[in-house]
Amino acid sequence: MNDETLTRTALLQSSSDAATRVFTTILTRSPISRIDVARLTGLSQAAVTKAVAPLVTAGLINDSLDPTLTGLPGRPVSPVAVVPEAVVALGLKVNADELIGVATDLTTRIIASERVPLVSHEPAAVIDAIVDLCASLQGAIGGLGSHLGCVGVAVSGDVDTETGVVRDSALMGWRGVELGAALSERLSQEVVVENDVRALTIGEHWFGVGLGTGSFAIVTIGRGIGSGLHLNGEVVEGAYGVAGEIGHLPLTTPDHLCACGRRGCVEAVAATSAIVEAVSGAHGRPVPIGEAVDLGRAGDPAAVAAFAEAGHVIGAAIASLVNLVGPELVIIGGEGVANFDLLETSLRESYAEHVFASADRCRIVVRPHTFEDWARGAAASAIRSLVV
């Protein structure tokens, strides 16, 4: 990080509440007029002008764009816009078998991306791999590497974002891993460690479907069943870093053992591993997920039943979520979306059966996310930590 980037990140972190609201509004809606910034933030135009001035001086905001016209005929307005490459972020998604990393600008536009295999789940080995990947990404973006201002790492499980501790990750077999502190020391950068689904939700909140949406939830299906919540304009983090864990709602029978060690969890029948186990047991041999999908589409009774049960339980979990918090929209994403045709009928039937009254106005849409999108969410989490 060069001196200029240090100055910019320090300015963002020390900004007043008003300046933070102004910068966030410009960041997520560039280009935008000062009039609209004032309207969206509830601040006076004088307050907006005062907040913008040091951001322009620091090179974070550009106020020299060509004038545009507002909705008022003949009234020229000079818009302001974020300078995207003023600060660069790195975002990394930790998977069971690989790391996915991206370098982004302030708007989370991906500048470079890389994927590397993970040969061990030992925390020290994963930390080494993350450090190496960060160095490789910085090299890939050349001179912009000196603009690096923050690093975000997304991990499945119970993550304490305040301390950077991964308290419990069944996917990685981790308990009490002080990931943030170890990476901050190695990288000489502020590192934000975030739950992967919450990171994805933060990315959608600022730069995706959440922009302008009062409330939404993301439900991810695949290796795990996760959920991120965006309510009343904010991403829900929970008092202890846990919120929206619908994968561990006890909605199935106790004979199903979950990877978390508890019984009856949604993931115990709906995660990819649970579907594979059910189909493999019925066929008396190991059946990988790709073959299970092929069998399901070919009408194999065991595969059809396994996917249908998964869809039924996920549908009930989504209905429980909607009944509790009442979002406008539920987005279903994750790698399991590729097999959604095998789940959809039972999921929507179960949802309709369990959703309460007018809560059924909530729309359910499917939106595929690549693992680069998850890494981009980690970058968004890091950028958010600089600003909020």
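Student: In this predicted model, which residue of strand 7 stands opposite Glu98?

Tutor: The model is a predicted one, and the place to look is the pairing of strand 6 (residues 98-104) with strand 7, which runs in the antiparallel sense over 7 bridges. Glu98 belongs to the residue range of strand 6, and the residue that stands opposite Glu98 in strand 7 is Pro117.

Student: Which strands stand at the edges of the open sheet?

Tutor: The open sheet is formed by 5 strands with mixed pairing, and their order is 7-6-5-8-12. An edge strand has a single partner strand, so one side of it is left without a neighbour in the sheet, and this holds for strand 7 (110-117) and strand 12 (191-195).

Student: Which helix lies across strand 5, strand 6, strand 7, strand 8 and strand 12?

Tutor: The strands of this sheet twist by an average of 20° from one to the next. The helix that lies across them runs at about 130° to strand 5 (88-94), and it covers residues 371-387, which is the range of helix 13.

Student: At roughly what angle do the axes of helix 11 and helix 12 cross?

Tutor: Two packed helices are described by the distance between their axes and by the angle between them. Helix 11 meets helix 12 through residues including Phe307, Ile314 and Val322, and among their counterparts in helix 12 are Leu343, Leu347 and Tyr351. By class, this contact has 12 nonpolar, 7 polar and 1 charged residues. The crossing is right-handed, and the axes of helix 11 (residues 301-325) and helix 12 (residues 340-354) come within 7 Å at a crossing angle of roughly 40°.

Student: How much space lies in the largest cavity?

Tutor: The structure holds 2 cavities of 30 Å³ or more. The largest cavity is lined by residues that include Ile221, Ala270, Phe307, Ile314 and Leu343, and its lining divides into 8 nonpolar, 4 polar and no charged residues. The space that lies in the largest cavity is about 70 Å³.

Student: Which helix gives the most to the lining of the second largest pocket?

Tutor: The second largest pocket has a volume of about 490 Å³, and of its 21 lining residues the closest to its centre are Thr24, His205, Trp206, Gly233 and Glu234. Helix 2 (17-29), helix 3 (34-41) and helix 7 (196-207) each supply at least two residues of this lining. With 7 residues, the helix that gives the most is helix 2.

Note on methods: Residues numbered from 1 in each chain as written. Predicted model: local features only at pLDDT ≥ 70, side-chain atom pairs only at ≥ 80, totals over all residues. Heavy atoms only, no water. 1 Å grid on protein atoms, 1.4 Å probe; cavity = no way out; pocket = protein on both sides within 12 Å on 5 of 7 lines; lining within 4 Å. Points joined across faces, edges and corners; volume = space filled by probe spheres on them. Helix = DSSP H or I, 4+ residues; strand = E, 2+ residues; numbered from the N terminus. Axes fitted to C-alpha atoms, helices over the stretch in contact; angles between N-to-C directions. Left-handed = near helix turned anticlockwise from the far one by under 90°. Contact = heavy atoms within 4.5 Å. Nonpolar A, V, L, I, M, F, W, Y, C, P; charged D, E, K, R; others polar. Pairing = 2+ DSSP bridges.
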